[in-house]
Amino acid sequence: LKASNFNGLIFNVKGETGGEFFKVALSTLGLSNQGGRSNAMLYISDFLDGGVTASWQKVVIPFKNFSNITNFSGMKEFTIAFEHDQSSANGSPISGSIYIDNIKFTNSPGGFDEFRIDHFGDKLHFSSVGANIWSGAGDGARGGTKYTDGTGEYTNYKYAMQIDYTNIPFGASSRWYANAFLLGGGADSFTSLPCDFTGYSNLTFYAKNTYHMRPHQVQVVFQDTLGGWGGGMTAESSGGSNPVISTNWQKIVVPLSKFPTIDFTRVKEMSLTINNWCSFMGSSGRLFIDRVQLEK
């Protein structure tokens, strides 16, 4: 099936009781110009905030989110899969029934207004572009990441990313703790591959902390396949209005124009990093992140 004239997948779903969890996969012919990028999978709650319910809901997934596929001209398979291990990991039912209807491709003129990187609804270390989210620390810093649904710890739908860090005193060498959102994913979901962010102007996300000024900023970093790196702190966003992270949820807007060294036609990784200059009032803290996406 030639799907290159479309830019999204649409279907309707409801569950027998609600809470059912599955992944959606597309497969294309192994064309020579794809470099092996012919399969991609995404989890349903990444695009259905609040998850499956016992009522019909419409699911819309832009093709851009199937970021491991680069050529949609030879579409051969649409798959819905249920995974015991992943359902066990996020507490969803390991048995049940779902109903699917009206599966079709769509062509939204001008593309979609948002490109989700992750809303964290699946509670798994897989983003809304099908690749892994990894965390790491440098120069003696430590940290941990989990997905939380405590009171006040998410925005409009359950689950957000909770980041705890320690041993990052202000101004101390190069200590950092980062969560990196890989793009593409490859066959193992851990391979960073080029993806096209053309058509989007801003990276946006919601953020709050638990302790005053700990952290007061978070650094946004992009990497492209040419080896270019670009980073900017939240204090550089929103046209110079310099918002800092507080104990209340706020939407952070980071213009992509802040990253002039990055080729956004071939981005392979985006990370949120707590650096040594980000924790102004202490060496440890807790940060909540939700609804990470690109917007026009």
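**Contacts, rings and cores**

Q: Leaving aside neighbours within four places in sequence, what is Gly 185 in contact with?
A: Gly 185 is in contact with Asn 68, Ala 131, Phe 190, Thr 191 and Leu 193. Contact means heavy atoms within 4.5 Å.

Q: What kind of model is this, and what are the ground rules?
A: This is a predicted model: local features need pLDDT of at least 70, side-chain atom pairs count only at pLDDT 80 or more, and totals for chains, interfaces and linings use all residues. Residues are numbered from 1 along each chain as its sequence is written, and side-chain values use heavy atoms, with hydrogens and water left out.

Q: Back to Gly 185. Which strand is it in?
A: Gly 185 is in strand E12, residues 184-185. Helices (H or I, at least four residues) and strands (E, at least two) are DSSP runs, numbered from the N terminus.

Q: Is Gly 185 buried or exposed?
A: Buried, with a relative accessible area of 0%. The cut-offs are under 20% relative accessible area for buried, over 50% for exposed, and partly exposed in between (1.4 Å probe, protein chains only).

Q: What separates the C-alpha atoms of Gly 185 and Ser 127?
A: 10.0 Å. The two residues are 58 residues apart along the chain.

Q: New topic. How many aromatic pairs are there in the whole structure?
A: A search finds 17. Rings of Phe, Tyr and Trp (its six-membered ring) pair if their centres lie within 6.5 Å; planes under 30 degrees apart count as stacked, over 60 as edge-to-face and the rest as tilted.

Q: Why is the Phe 22 and Phe 82 pair called tilted?
A: Because the planes are at 55 degrees, with the ring centres 5.9 Å apart.

Q: Which parts does that pair tie together?
A: Phe 22 is in the loop between strand E1 (8-15) and strand E2 (23-28). Phe 82 is in the loop between strand E5 (75-81) and helix H1 (84-90). So the pair ties together parts that are 60 residues apart in sequence.

Q: Phe 22: buried or exposed?
A: Phe 22 is buried at 1% relative accessible area. Phe 82 is exposed, at 54%.

Q: What about Phe 259 and Phe 264?
A: Their ring centres are 6.4 Å apart and the planes stand at 75 degrees, so that pair is edge-to-face. Phe 259 is buried at 2% relative accessibility. Phe 264 is buried too, at 15%.

Q: Which charged end sits over the ring of Tyr 99?
A: That of Lys 14, 5.5 Å from the ring centre. The charged end of Arg 214 sits over the ring of Tyr 211, 4.9 Å from its centre. The test is NZ of Lys or CZ of Arg within 6 Å of the ring centre and within 35 degrees of the ring normal.

Q: Anything about the peptide bond from Arg 214 to Pro 215, say cis or trans?
A: It is cis, with omega near -5 degrees. Pro 215 lies in the loop between E14 and E15. Met 213 is in the loop between E14 and E15 as well. Its phi is near 65 degrees, a positive value in a residue other than glycine. Met 213 is buried, with a relative accessible area of 17%.

Q: Now the nonpolar side. How many residues are in the largest nonpolar core?
A: 40. Those with the most contacts inside the core are Leu 203, Phe 205, Val 220, Phe 222, Met 270 and Ile 289. A nonpolar core is a set of buried Ala, Val, Leu, Ile, Met, Phe, Trp, Tyr and Cys residues joined through side-chain atoms within 4.5 Å.

Q: Which elements give two or more residues to this core?
A: Strands, including E7 (114-118), E14 (202-209), E15 (219-224) and E18 (267-275).

Q: And what other core lies apart from it?
A: One of 26 residues, among them Phe 47, Leu 48, Ile 69 and Met 75.

Q: How many disulfides?
A: 0. The cut-off is a pair of cysteine sulfur atoms within 2.5 Å. Cys 278 is buried at 0% relative accessible area, and Cys 195 is buried at 7%.
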